[in-house]
Structure formats: C-alpha cells, structure tokens
Amino acid sequence: MLGALNRNLRPVLRQTRLRLFGLRKTPTCAAQIRCATTSAALRLQDDCLVLNYEGTPLRFNYVWLRDHCRSASSFNSATNQRNVDTGSIDLSIRPQSTAVEDGQLVLTWPDGHVSKYDLSWLARNSYEGQKRSIVQPRVFWNLDIYEKANIESAKWDTFLTCDHELKKFLRSYLLYGVAFVDGVPATVEATKEVTQRVSLMRETTYGGMWSFTSDLSRGDTAYTQLALDRHTDTSYFQEPCGIQVFHCLKHEGTGGRTLLVDGFYAAEKLRQRSPENFELLSTVHIGHEYIESSDRHQNHMRGVGPVLNVYPWNNELYLIRYNNYDRSVINTIPHDVVQRWYVAHRQLTTELRRPENELWVKLTPGKVVFIDNWRVMHGREAFTGTRQLCGCYLTRDDVLSTARCFGLQA
Ligand SMILES: C[N+](C)(C)CCCC[C@H](N)C(=O)O
Ligand SMILES: O=C(O)CCC(=O)C(=O)O
Ligand SMILES: [Fe+2]
C-alpha cells in the first residue's frame, strides 16, 4: 500500500495521503488491522519493533517508542509538549511485554510504565510513512498550467472579513506559491492591513512596510529603472524571507511589468533531466552577500547554503536561493567541482529562462501580490517614469501556521 505512494513528489491531496495511511475509521478497517497485527504483524527485533501495517513493515526504535509515549505522565496533551525526560531513558531499553488491543499498540516497560499508541498514529509518524509522503502539496507550474488553473484573486473586503475567503487564498498560495488580492486601496496602510491577515511582518534593513522608487536611496539595483532578471530576495540572509508582498501604488510611464517564474517547476525539470546536476546544486554550499556602505546605511549580510534545498528524508524541495546579482565570491567549492557546479547552475538557469515558464503581470494600484520567496522568483522589466512600489516581507512560520490552523497541509 505504501509502495503505491507517489515517489516523485507530484502534488497529492491531503485526503489521498491520509487514506493511504489508513486513517479511515471504519469498523471493518480497524478489525482488519487488529487481525493482521495480532497474527504475524508485530515482531520484536534486537534493535526495533516491526509493525506490519496494511502490508508495509514499519520499524520503530525502542528509545523512540519510550520517548514518544502519549500517556499523561510522558506527554502533556493540554500543551502538546513532551514531559518525559529523554535524557533519563535507558538507551538499551526494551519493552517487557507487547500487545495490540483495540487498534492500539500497548507496551509495558521494565519499570511498569504502560505506553499506548494508536496504530494509525504510528503509521502516520513512522519514518517509512514520512519518506513516501510529501510535506506540502504543490502544483508546479509553467505559464500554460498557471493560466489553465484559472485562479481567482481574493477580493479586498471579503478577504479582510471572511475566513472562508482567506482559506481559499491560502490554499492556492500554498499550491502555486503566488496569490493575488484585488481591490486594495492604493495606500501603504491598506497593504499592511491585507498582509496582517496572512502573517507577521518581517522587519529587515529595508524597514517593515517599505515603499520605494527608482531613486537609488539604497545601494541596490531594485532602486533603479533597470530590468531585473528573475531572482529570489534576501538570499544573503541565513534564513531568506519567506514571503514577498508587492503593491504598485503608482506608475506613470512605460514598462515595469513583473516577471514570475516557478523555481520548483524549473528545478523539477532539472531533476528529471539531470539528477546529478540537481544533486550537486542541492549539496554544494555557496554564499550570497549584501554590502552597503553609504552615509545613511551600513550593512554587511552574508548567507550560506545550497541553491536547491531538499528535505533529506524525502528529497522534497523546500527552498531555492537564486540571485545572480547577490551571489558572492565562490570560495567554498574545490576546483575540480567548480566546473561541474557551473554546468549544473547553467542548466537550472536554462530551465528558469524558458519563455514558456514565464508569467508576466503588470502590477496596478489595487492589486497586491504575495510571492513565496522560497520558491517563486520575481523580476521586472525596465521602465520609464515614476513608479512607486510598496510592500513588505512576511515570516514564513506564521503564514504556514495560519494555513495549518485552517486545516491545510503545509
Ligand atoms: C524589496 N526591497 C526593495 C525592499 C528590497 C530589495 C532587495 C534587493 C536585493 N538585491 C535582494 O534581492 O534581496
Ligand atoms: O521593482 C520591482 O518590480 C521589483 C524589484 C525587486 O526585485 C525587489 O524589490 O525585490
Ligand atoms: Fe527582488
């Protein structure tokens, strides 16, 4: 059953995942589990307990089992915090007796303590289960996929008052890494109000809510009229900002369209076409830097990490750092790997630059865009005239938390 799970990390719905992990709470299902496990399905090995759950062997380390006991003395279910002192568990602990009763694994430990675990909880939290499932369902997109999805923008007034509208917005933000709210008054305050529905502002050297124009008030190309190739922002932070919000309050002139590209779509193409190059970009650490020295601003930020970041247990992508402007001197790669790194980087760049992957939008007053800065790149066309953009960065933890509280998988 688990083997049938999607190994390629293509988007699957939460529902599918839960079903595959045997969460159906029908009496027949529970009976089958009990039957299966009481017969041959529970095995005690030297180093782990093996639970045969719906045809798949799940292995649990004994210290892990004691550490994850959910009894009142081991776990505070009011605060969802561990009570057990992990530092006091005998590292060679083994249960004295084991049983499966009413869909629960029951273990009695040498000191007489009894631990009970729902089998479905164990299945969901087993390494085998995590390895074959995904953390966040996503739809990787190119222009065609994005357009066909026909995603509705949220509307300012309902967005502020209606949780259903917010949930819908978050669902598509999580799936696509980009989402819009329309009809927002063209002010910094209204923009701030919209962002506060979603997450907390992340203050940076650029301020909390920022509003900028092409006046070179900061030492960065963003503050000019020049075109900007696709990139992620704040790649020079140890933890790049999770979300970027833009609202164009005013533009009198030509050009200035915004470019959006799904970095994960491009990276997944790279993974398919050249797994070695994907692997290289996800293991080799490089640096990004922001150095600013003016009368008003002194900054020297540095962030180090791979271009592609994947969870080690399931290889799922979760973060891309891609900013050719801010990439610093490469001095972390041995000479015999540098050439291969450039080849891999070129291949990713080729994928990112395919015109069919580009979504161009003209941001106009009233339209607020939320961009997953760990996934979707942004850029802009050169422009003329006066162009005023406001926005902010938001913390990633808090948008994910908002989404999870709505029952969304993230
Ligand atoms: C968005 N705002 C104009 C405030 C800052 C722009 C920062 C630009 C920087 N090169 C980076 O990519 O992080
Ligand atoms: O001017 C724009 O549209 C975006 C500039 C940019 O990349 C940024 O501010 O992060
Ligand atoms: Fe940017």
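Into which domains is the protein chain divided? The chain comprises domain 1 (2-131) and domain 2 (143-405), with bounds that come from an automatic or database domain assignment. The C-alpha centres of domain 1 and domain 2 lie 39 Å apart. This is a predicted model, in which local features need pLDDT of at least 70 and side-chain atom pairs count only at pLDDT 80 or more, whereas totals for chains, interfaces and linings use all residues. Residues are numbered from 1 along each chain as its sequence is written, while chains are lettered from A and ligands numbered from 1 in the order in which they are written.

The description begins with a three-stranded sheet. Helices (H or I, at least four residues) and strands (E, at least two) are DSSP runs, numbered from the N terminus; two strands pair if DSSP finds at least two bridges between them. Strands β1, β2 and β3 form an open sheet in the order β1-β2-β3, with antiparallel pairing. β1 (42-44) and β3 (56-60) each have a single partner strand and stand at the edges, so one side of each is left without a neighbour in the sheet. On average, neighbouring strands of this sheet are turned by 20 degrees against each other, direction ignored. Axes here are lines fitted to C-alpha atoms, for helices over the stretch in contact, and angles run from 0 to 180 degrees between N-to-C directions. Strand β2 (residues 49-53) is joined to β3 by five bridges in the antiparallel sense, and leucine 51 stands opposite leucine 58 in β3.

A second open sheet has four strands in the order β12-β21-β14-β19, again with antiparallel pairing. Its edges are β12 (228-231) and β19 (358-361), each with a single partner strand, so one side of each is left without a neighbour in the sheet. Strand β14 (residues 258-262) pairs with β19 over four antiparallel bridges, and leucine 259 faces tryptophan 360 of β19.

Further pairings involve strand β10 (residues 178-182). With strand β9 (residues 154-155), β10 pairs in the parallel sense over two bridges, and lysine 155 has aspartate 182 in β10 as its bridge partner. With strand β20 (residues 368-372), β10 pairs in the antiparallel sense over four bridges; here phenylalanine 180 has valine 369 in β20 as its bridge partner.

Helix α10 lies across β14 and β21 (376-380), running at about 40 degrees to β14. Helix α10 (residues 263-273) also packs with helix α11 (residues 275-283) at an angle of about 125 degrees, their axes being 5 Å apart. α10 and α11 are therefore oblique to each other; angles under 35 degrees count as roughly parallel, over 145 as roughly antiparallel, 65 to 115 as roughly perpendicular and the rest as oblique. Ala267, Leu270 and Arg271 of α10 meet Pro275, Asn277 and Phe278 of α11, contact being defined by C-beta atoms, placed from the backbone, that lie within 7 Å. By class, this contact has four nonpolar, one polar and one charged residues. Ala, Val, Leu, Ile, Met, Phe, Trp, Tyr, Cys and Pro count as nonpolar, Asp, Glu, Lys and Arg as charged, and the others, Gly among them, as polar.

α11 packs in turn with helix α12 (residues 335-353), at an angle of about 105 degrees and with the axes 9 Å apart. α11 and α12 are therefore roughly perpendicular to each other. Asn277, Leu280 and Leu281 of α11 make the contact with residues of α12, including Arg340, Trp341 and Leu348. The contact of α11 with α12 has six nonpolar, three polar and one charged residues.

Two ligand shells complete the description. Around ligand 1 are residues including Tyr206, Trp210, Asp220, Ala222, Asp233 and Asn323, a residue being near a molecule if its C-beta atom, placed from the backbone, lies within 6 Å of it. The shell around ligand 1 has five nonpolar, three polar and three charged residues. Ligand 2 is surrounded by Ala222, Leu228, Asp233, Thr258, His378, Arg380 and Leu389, which divide into three nonpolar, two polar and two charged.

Notes. Two residues are in contact if their C-beta atoms, placed from the backbone, lie within 7 Å.
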